[in-house]
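These are my notebook entries on a structure that I looked up. I begin with the terms and then turn to the places I examined.

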Amino acid sequence: MVKLALRSGLRWKVSLAIACVGALVAVALSLVVHNAARVSMLNSSRDQMDDRVQIAQRYYESTGGKRMLRAQVNDPALPKQLREAAELGLRATYLQDNGTGAPEVWASTPLRDGKILSIHTRFKDRYDILNDLDRALIIGSVSVVLGGTALGILVGGQLSRRLRKAATAARKLADGESDIRVRDAIGGRVRDETDDLARAVDGMAEALRDRLEAERRVTADIAHELRTPVTGLLTAAELLPPGRPTELVRDRAQAMRTLVEDVLEVARLDGFAERAEMQDIELGEFVQRRVRAAAPEAEVSVLRTAYVSTDPRRLERILGNLLANAAKHGKGPVEVTVEGRVLRVRDHGPGFPEELLREGPSRFRTGSEDRAGKGHGLGLTIAAGQARVLGARLTFRNADPVIEGGSGAIAVLWLPESSPTSTSSFPVISV
């Protein structure tokens with residue numbers, strides 16, 4: 001069973017809230033006005049009927065019972081309450097509502113001869129006025145709700161647009177566009193909560209950028225300071241007498257030198273200061289020559305070649321790192337495919353770890369246990385950074401055993417059709 005999650009926007013939530021509040025206020029006011037008007041109308045009807053029964057009593061007593069002005073004596077339909085009031089010698093009025101139409105208003109008074117004079121009528125004209133008032137209240141309430149809803153849509157829509165712009169700017173900032181400012185994206189200063197949010201996000205981005213820059217500078221300084229002693233260590237290792245210990249020292253010194261150079265390269269790439277030196281090359285022929293030199297055992301397939309404008313040195317660095325990653329962490333055969341501007345490198349090993357597919361390459365993290373201890377996690381990080389400088393897109397995925405015949409890691413480099421104008425505007429996308 002598939003459950004659908006409905007997502008309502010801020011605009012509709014604000015509109016619904018205003019409509020509900022408007023409806024509650026309109027209903028409450030309508031009930032108050034209706035009840036007040038009804039009570040006032042009924043009290044006025046009672047007073048009028050009381051005046052009529054007094055006039056009818058005077059006419060009855062002055063004419064000896066010949067004229068009663070539509071009044072009746074000992075009316076059999078007289079309500080019990082009025083009969084009891086007359087027995088006590090009281091003049092009284094009574095409302096008789098049978099649930100249909102206007103209520104019937106009674107008035108009665110006791111006579112000197114012990115009889116009861118009463119009069120009753122329905123004020124249909126007043127009841128019709130009350131119905132007209134109810135219709136006017138309903139129309140007014142509906143107008144208030146519709147007007148409040150329209151106002152909510154307007155206010156909520158403006159707030160929603162500002163928040164969407166802020167979210168879009170924040171996503172661009174997260175993708176590496178460091179010159180983006182959320183406050184500028186939402187339309188400058190507006191004295192509301194969105195302005196506070198934009199100011200907070202911009203401040204956080206500034207602090208994070210400063211911290212990353214400080215970390216990059218420290219990393220670059222440490223790596224730069226290590227170059228001289230590492231070079232001296234490597235030179236001293238060359239002077240050692242031949243033997244297994246000497247080979248181990250030379251191997252570790254060379255590994256340390258490679259690590260220092262890689263850390264320096266990562267620091268330069270993190271600074272977004274690298275610029276590509278573009279040249280026009282034929283991609284198929286270029287890849288064949290570089291693969292033969294770097295990994296002769298790899299299989300190269302040129303399905304369709306293309307002339308691209310790129311930096312050959314950086315492209316060679318990307319290709320070399322992808323081949324080295326496949327050789328260290330995967331299994332043969334390693335396949336390199338060129339199709340137009342797209343370059344694929346595939347091995348037949350266990351594939352990329354889930355963390356890399358989800359978050360992208362990360363320095364000093366080599367992935368799962370079967371890949372541990374075989375590198376420092378800088379190869380794919382450098383490849384991703386160099387791809388950004390070239391304005392290319394580097395993606396990572398695992399092979400589909402059913403469709404692509406077996407397991408393995410696949411790295412795909414998508415070279416752009418034109419030269420990049422801003423190397424910081426091309427994020428690395430991992431899918």
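I count two strands as paired if DSSP finds at least two bridges between them. Helices (H or I, at least four residues) and strands (E, at least two) are DSSP runs, numbered from the N terminus.

The model is predicted: local features need pLDDT of at least 70, side-chain atom pairs count only at pLDDT 80 or more, and totals for chains, interfaces and linings use all residues. Residues are numbered from 1 along each chain as its sequence is written, and side-chain values use heavy atoms, with hydrogens and water left out.

Entry one: the sheet. I found an open sheet of five strands, in the order E6-E8-E9-E11-E10, with mixed pairing. Strand E6 (299-304) and strand E10 (393-398) stand at the edges with a single partner strand each, so one side of each has no neighbour in the sheet. From one strand to the next, the twist averages 15 degrees (axes are lines fitted to C-alpha atoms, and angles run from 0 to 180 degrees between N-to-C directions).

I then looked up the pairing of E10 with strand E11 (residues 409-414), which is antiparallel over six bridges. Arg397 stands opposite Ile410 in E11.

Entry two: Glu206. I located Glu206 in helix H5 (residues 193-238). Glu206 counts as partly exposed because its relative accessibility is 30%; buried means under 20% relative accessible area, exposed over 50%, and partly exposed in between (1.4 Å probe, protein chains only). The C-alpha atoms of Glu206 and Arg181 are separated by 9.7 Å, and the two residues are 25 apart along the chain.
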